[in-house]
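Please look over the sequence and the model shown here before reading on. The report that follows takes up a few residues and elements in turn.

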Amino acid sequence: MARTSNHIDVPHTPDHVWRLIGGFGSLPDWLPYIPGSALSEGGRVRTLTNADGDTIVERLTAFDDAARTYTYTILQAPFPVTDYRSTLTVHPLPDTGTARIEWSGTFTPTDATDEEAAALFHGIYTEGLAALERTLRDQA
């Protein structure tokens, strides 16, 4: 099983960041390459559309509003992996008004090496966190 993670620190309170990213259907609010998200099964499944028109279906497997974290799995996607499990968490930092956003994932590569699959998702997390940082900056 391969894994990767990335994080950014932002000058916003954890609660402020969580209000933006904590909704399972909120990706289009901060992630430009996911312009569409539709929730089903009581909000536990999201069907995403990426900028290329591909469909990604994900299931929420854990959600903790107080801890500002959720975990999801991929049910369907155009990625060369299976058993994908990812967690998005907003951590408070000692400096009041600052938060760390961490995005991590584990997966089993199918048509790629561990390194290629890890690089793919590391890139997705890096681009996603950069987009989040821009969205937060633009809201300020």
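T73 touches V57, E58, R59, T61, Y84 and R85, leaving aside residues up to four places away in sequence, where contact means heavy atoms within 4.5 Å. The model is predicted, so that local features need pLDDT of at least 70 and side-chain atom pairs count only at pLDDT 80 or more, while totals for chains, interfaces and linings use all residues. Residues are numbered from 1 along each chain as its sequence is written, and side-chain values use heavy atoms, with hydrogens and water left out.

T73 lies in strand 5 (residues 69–76); strands (E, at least two residues) and helices (H or I, at least four) are DSSP runs numbered from the N terminus. With a relative accessible area of 17%, T73 is buried (buried is under 20%, exposed over 50%, partly exposed in between, with a 1.4 Å probe and protein chains only).

| Face of strand 1 | Residues |
|---|---|
| Covered | A2, T4, N6, I8 and V10 |
| Uncovered | R3, S5, H7 and D9 |

In a regular strand the side chains alternate between the two faces of the sheet. Strand 1 pairs with strand 7 (residues 99–109) in the antiparallel sense over nine bridges, pairing being at least two DSSP bridges between two strands, and W103 in strand 7 is the bridge partner of N6.
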